[in-house]
Every structure is written in C-alpha cells, then in structure tokens.
Amino acid sequence: MSEQGRRAVWWLGLSQCVLWGILYYGYSIWQEPLIQSLHVSRVQIAGAFSLGLAVMALLAPWVGRQIDNGDVQRMVRWGLLLAVLGIVGLTLSRMLWSLYLSYALLGAAMATLLYETAFGLVTRAVSDHRERLSALSTITIFGGLASTVFLPLLAWSTSHFGWRITGWAAIPFLIASGVLLEKAVYPYLVADERVDQAKADAAAFEIGLPHIWAFSIVFILCTVSAMTLAVLVIPKLHAEGASAIWAASALGVFGVAQLPGRIWLARHRSEVSATWLTTIPLTSMLLGMIGLAVAPGLFAAFFSIALFGFGSGMMTLARPWLVQQRFGVSQAGRINGRIAKHQGVARAMGPIGAVWLADLGHFDWVFAGFAFAILLVLPLAGRLPAPNTAAA
C-alpha cells in the first residue's frame, strides 16, 4: 500500500468509530431515558432497535452486491442522509410508532455505513492479502474504540443535558464523518485491478459453497452473544447497584478489550491460521460469558467483559478475512452479504429476545445459556475451512 492508502485506512477507521458509536451503541445509553420519556416497556423499546437491525439484515445482500459492483460511494452518501434523518426522528419522537420509524431509518443507515462497506472498500483496494489483513485490523481497532469513547461520552451528555439534546449534538459528528470519507478516503482507496479475478473467484465460490452455512452458524452465535451482552450488562449492573456512569464504563471495557488481538493481527505479517481466528477467540468469549453468569459485582463484570471483548474483537475480523481468502475477492461482497443477512436476522431478534429471557428468569441464566451455546459450537468453528490464499 502507498503511504496515502495507509492514511486513508486510518481515516476510514476513524469514521467507523464515529458511526458505530452513535448509530449502534447509542441505543445502550438511550434505552432507559426512552422508557421513561415515552412511558413504554423495555420490550417495546428493544423492539424498535430490533426493527432497525432487521432492516439492516434485509439490506445486507443488496449492500454486498453494491460493493462487488464498485458502487460504494453513492451508497454511503444515501446512508449518511438516512442516518441524519433517523437521529432527527429519534430526538423528535413522542410516540412509539415514530420511534420505530426512526430506527427503521437508522437500520438502513447502518447497513450501508458500518463494517460491511468499510471491509468491502479495503478488500477491493488492497491486492496483497497480508496488507489486506493489516488494513482490516486497523479499521476494527478504531471500531473497537467506539464503545470505549462513545458509551461514557453519551452517558455523560445524556445525564447532564438529556437524551434529546444529546441526539441533536450527535448529528454534526455524522456529517463530519461523511466529509472525511469524501475528502480523505475515497480518492485513495480505489479498486485495484489485480483483485478482480472473476474466473478464479467463481471457481472458488462453487467449491466452497457448502461451507457458507458453517460460517453462518458460527458467526450468528458470536453476533447474538455480543448483542445480548450489550443489551443486558447495563441493566444487570444497575440491578446490582452500580451507577449509570460505572455501568456504561464497564460496557466500554468491551471496546478496549477488542484491541490487543486486533493490534497483533494488524502487525502480523505471516500466515494466520483459522484456529487463531476462530477457536481461540471463541474460547475467550466462552470464559467471559461464564464470568458474567457466576461472578456478581462490578470488578468481575469488568474482567468478564474484557475476556469476552478480546475474543469478539478477533471474531469480527474472522468472517471478512476467511471469506475473501476462501471464496475470493470479486464475490466476497455477495457472500459476506449472504452471511451478514443471517447474522443480521439473529442480531435483530437478539435485543428483544434477551430482554424477554431476562424478564422470564434472571440475567445470569441468560449469560449461562449463551456460554453453553458457545461451548457447543466450538468444534464446528475448529472445522471452518482454512484460508485459501490461491483464491485471493
């Protein structure tokens, strides 16, 4: 990569930090004020977020096709417009239906703006697969900081100024991220002709097609587990007596803990095995879920979230990396989109399902259930197809 290309990757990562922090993690902070302001139940609020995630999932295949067709720039512009409209609608919401409409807009925005699009830009612009992994890791380093930066920031602003003013204040950050993409990213991350190997990639796709559901099962579970943690940790800590700031800070550890594995991958220059990107991270996630289930208290929550975050951080990289290595670059967007759709449907069910399960029993039982599910899927993760550098 050129020096300008490397800088473009860093700016792309910074934009992902802003977009994830506002569009995705904002819900974790705003759910309690929304319940109080709109006088609705937690399940109804979770339903709005689930609707947004469902829209995100349904659009994933279309987003993948746009990436493969090289039409990212126009798609992102529309996504930013939808993001601004969604935040405006959210801040103006007085009724439940308007909240649901706002989250539908935000779901469409997340589909076009978050990791899938960023990964697609990098995958098509960087021809060397080791440089590609480094660039993908760099982006996720910034993305992992989103919860660390924005959860405490949004919690502080919401506590002092209210959630509506905080929503209005987030809009300039969204606009600034769009300007950053236009000026500092798109001109320097242009699709490299060397990554367009349509015939080789098509053959790799046909050979690897039966493995797509194996990928989907593993990454669906990772997504739902992370979604459950994000939705339930703050209410769990509130129930145990932690303040709003401390509870948000504990969840913020999730982002910091994702960094070590990603930094290692960003600096790594030799081949990376499927085990390093699947089995080891899943084991870390398993231990984190067990800790949340059996060890009450703020300190135990910090440590358990850190363990889970470390594994989750590496699993975020596993799908785009293994897919483009196994199935090739020119169709990676389409295949990632298909898997992302399955993940997204599960993610959409996650918030309302997690809250419903917690209401039926106890937060700890939900975390224990997910620990057991991760344990069951570990053997499948170990059998995911190894990277095929010939297809890249």
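**Notebook: cavities, confidence and selected residues**

I began with the second largest cavity and noted that α3, α6, α15 and α16 each supply at least two residues of its lining. The model is a predicted one, and I kept this in mind for every entry below.

**Entry 1: the second largest cavity**

I looked up the volume of the second largest cavity and found about 120 Å³ of space in it. Its lining consists of 15 residues, and those closest to the centre are Phe119, Gly120, Ala332, Gly333 and Asn336. Which element gives the most to this lining? I found that α6 does, with five residues. I then sorted the lining by class and recorded five nonpolar, seven polar and three charged residues.

**Entry 2: helix α6**

I next asked how many residues of α6 are buried. Among the buried residues of α6 are Tyr115, Glu116, Phe119, Gly120 and Arg124. Two of these names, Phe119 and Gly120, I had already listed among the residues closest to the centre of the second largest cavity.

**Entry 3: the largest cavity**

I counted four cavities of 30 Å³ or more in the structure. The largest has a volume of about 620 Å³. It is lined by 35 residues, of which Trp20, Tyr115, Thr223, Thr316 and Arg347 are the closest to its centre. I listed the elements that give two or more residues to this lining: α1 (3–24), α3 (42–68), α5 (96–113), α6 (115–125), α7 (129–161), α10 (212–239), α15 (298–327) and α16 (332–360). The largest share comes from α10, with six residues. By class, I recorded 21 nonpolar, 10 polar and four charged residues in the lining of the largest cavity.

**Entry 4: the protein as a whole**

I turned to the overall arrangement and found 17 helices and zero strands. Of the 392 residues in the protein, 60% are buried. The accessible surface comes to about 15200 Å², and carbon and sulfur atoms account for 68% of that area. I also examined contacts between residues at least 6 apart in sequence: 86% of them join residues at least 24 apart.

**Entry 5: confidence**

I checked the confidence of the prediction and found a mean pLDDT of 82, with 88% of the residues at 70 or more. Where is confidence lowest, and where is it highest? The lowest value belongs to helix α9 (residues 198–208), at a mean of 47, and the highest to α5, at 93. Over residues 198–207 the pLDDT is below 50, and this stretch has 19 contacts in the model beyond near neighbours in sequence. A further stretch with pLDDT below 50 covers residues 387–392, and I noted 26 contacts for it, again beyond near neighbours in sequence.

**Entry 6: Tyr100**

I located Tyr100 in helix α5. The C-alpha atoms of Tyr100 and Gln44 are separated by 9.5 Å, and the two residues lie 56 residues apart along the chain.

**Entry 7: Ala184**

I found Ala184 in helix α8 (residues 163–185). Is Ala184 buried or exposed? It is buried, because its relative accessible area is 14%. Setting aside neighbours within four places in sequence, I recorded contacts of Ala184 with Ala8 and Trp11. Ala184 and Ala8 are 176 residues apart along the chain, and their C-alpha atoms are separated by 5.8 Å.

I placed Gly369 in helix α17 (residues 363–382). Gly369 counts as partly exposed, because its relative accessibility is 38%. I noted a C-alpha separation of 8.9 Å between Gly369 and Ala293, which are 76 residues apart along the chain.

I found His39 in the loop between α2 (26–38) and α3. His39 has a relative accessible area of 71%, so I recorded it as exposed. Its phi is near 55°, a positive value in a residue other than glycine.

Terms used
Residues are numbered from 1 along each chain as its sequence is written. This is a predicted model: local features need pLDDT of at least 70, side-chain atom pairs count only at pLDDT 80 or more; totals for chains, interfaces and linings use all residues. Side-chain values use heavy atoms; hydrogens and water are left out. Helices (H or I, at least four residues) and strands (E, at least two) are DSSP runs, numbered from the N terminus. Buried means under 20% relative accessible area, exposed over 50%, partly exposed in between (1.4 Å probe, protein chains only). Contact means heavy atoms within 4.5 Å. Accessible areas come from the Shrake-Rupley method with a 1.4 Å probe; for residues, only the protein chains shown count as cover. On a 1 Å grid over the protein atoms alone, a cavity is a set of points where a 1.4 Å probe fits but cannot get out, and a pocket is an open set with protein on both sides within 12 Å along at least five of seven lines; lining residues have an atom within 4 Å of a point. Grid points are joined across faces, edges and corners, and a volume is the space filled by probe spheres set on the points. Ala, Val, Leu, Ile, Met, Phe, Trp, Tyr, Cys and Pro count as nonpolar, Asp, Glu, Lys and Arg as charged, and the others, Gly among them, as polar. pLDDT is the predictor's confidence in each residue, from 0 to 100.
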